[in-house]
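This report describes a few local features of one protein chain. Please look through the sequence and the structure first.

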Amino acid sequence: MPLTFDDLLTRARALPRPGRRAILGIAGSPGAGKTTLAVHLVRALNGAGDPWVAHVPMDGFHLADVELDRLGRRDRKGAPDTFDAAGYAALLRRLRERTDDGIVYAPGFERVLEQPIAGAIPVPPTARLVVTEGNYLLLGTGAWEQVRAELDEVWFCAPDEDERVRQLIARHKQFGKTHEEAVTWVLRTDERNAELVAATRDRADLVVRGVGGWPDAAGHHRAGGGPGAAGADAGG
């Protein structure tokens with residue numbers, strides 16, 4: 001049976017335990033719909049009451065372009081070694097272990113500038129669930145393995161591949177690339193990373209291939225699917 005959006009809300013609500021903050025990870029290839037899913041989950045779970053769910057994307061841990069230039073990696077921006085994975089793991093550990101620190105500030109990512117922004121995302125002590133999303137949450141090498149250890153569950157977004165690539169090209173164009181530049185970047189860089197991410201799918205707790213009752217832009221439930229085509233698989 002295909003998952004519904006309400007199924008995902010129920011599963012997410014069950015993650016926090018008394019006196020313990022939970023962290024839910026959403027993984028997937030570039031353009032898979034990770035951010036869309038995370039934003040809708042956080043909005044629906046918080047509702048109109050006091051926020052108890054926070055959204056902390058992995059993208060804030062992109063290395064700055066000046067550092068990528070120094071390392072000679074700017075033409076591979078978005079690959080695993082162009083992020084501060086150890087710093088990301090350390091933040092997740094702090095969010096999990098220390099709920100009495102007051103507000104914890106996480107970095108954000110400005111897509112127009114294509115640069116990380118320090119201290120952009122406040123996580124209040126009242127947050128009982130943190131939703132984080134990114135490509136490499138399930139990667140089992142280097143500091144990325146530390147990231148997986150800090151996550152209570154990881155869901156993997158697995159949309160239709162043709163649609164994922166179309167969405168990815170459209171996103172690059174939205175933020176300033178020409179059509180030719182967007183296609184070249186997707187085929188040369190993003191798809192190489194996508195192959196690496198796809199190989200981590202079996203490590204997920206849940207594979208989301210489509211969601212019924214997906215909310216529209218206003219947050220209202222509507223017919224049709226979310227990220228992906230149809231169906232879902234439960235992992236171990």
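Asp65 is buried, at a relative accessible area of 13%; buried means under 20% relative accessible area, exposed over 50%, and partly exposed in between (1.4 Å probe, protein chains only). The model is predicted, with local features needing pLDDT of at least 70 and side-chain atom pairs counting only at pLDDT 80 or more, while totals for chains, interfaces and linings use all residues. Residues are numbered from 1 along each chain as its sequence is written, and side-chain values use heavy atoms, with hydrogens and water left out.

The partner of Asp65 is Lys77, and their side chains meet in a salt bridge (2.7 Å, N to O). A salt bridge is a side-chain nitrogen of Lys or Arg within 4 Å of a carboxyl oxygen of Asp or Glu. Lys77 lies in the loop between α3 (65–71) and α4, and Asp65 in helix α3, so the pair ties together parts that are twelve residues apart in sequence. Helices (H or I, at least four residues) and strands (E, at least two) are DSSP runs, numbered from the N terminus. Lys77 also counts as buried, at 11% relative accessibility.

The whole structure holds twelve salt bridges. Side chains of opposite charge can pair when their charged atoms come close.

| Pair | N to O distance |
|---|---|
| Lys77 and Asp65 | 2.7 Å |
| Arg20 and Asp152 | 2.8 Å |
| Arg93 and Glu150 | 3.2 Å |

Arg20 and Asp152 form a salt bridge through their side chains. Arg20 lies in the loop between α1 and β2 (22–28) and Asp152 in the loop between α5 (144–149) and β7 (153–157), so this pair ties together parts that are 132 residues apart in sequence. Arg20 is partly exposed at 33% relative accessible area, and Asp152 is partly exposed at 24%.

Glu150 is buried, with a relative accessible area of 9%, whereas Arg93 counts as partly exposed at 28%. A network of salt bridges links Arg20, Arg93, Arg96, Glu150 and Asp152.

Next comes a pair of helices. In helix α1 (residues 5–13), the buried residues are Phe5, Leu8, Leu9 and Ala12. They cover an arc of only 100° around the axis, which puts them on the same side of α1; the arc is that of the directions from the helix axis to the C-beta atoms.

How do α1 and α2 cross, and at roughly what angle? The axes of α1 and helix α2 (residues 34–46) come within 11 Å and cross at roughly 70°. That makes α1 roughly perpendicular to α2, a term for angles of 65 to 115 degrees, with under 35 counting as roughly parallel, over 145 as roughly antiparallel and the rest as oblique. On the α1 side, Phe5, Leu8, Leu9, Ala12 and Arg13 make the contact, and on the α2 side Leu37, His40, Leu41, Ala44 and Leu45. Contact means heavy atoms within 4.5 Å.

Thr99 is partly exposed, with a relative accessible area of 26%. Not counting residues up to four places away in sequence, Thr99 touches Arg21, Pro125 and Arg128. Thr99 and Pro125 are 26 residues apart along the chain, and their C-alpha atoms are separated by 5.5 Å.

Key:
Axes fitted to C-alpha atoms, helices over the stretch in contact; angles between N-to-C directions.
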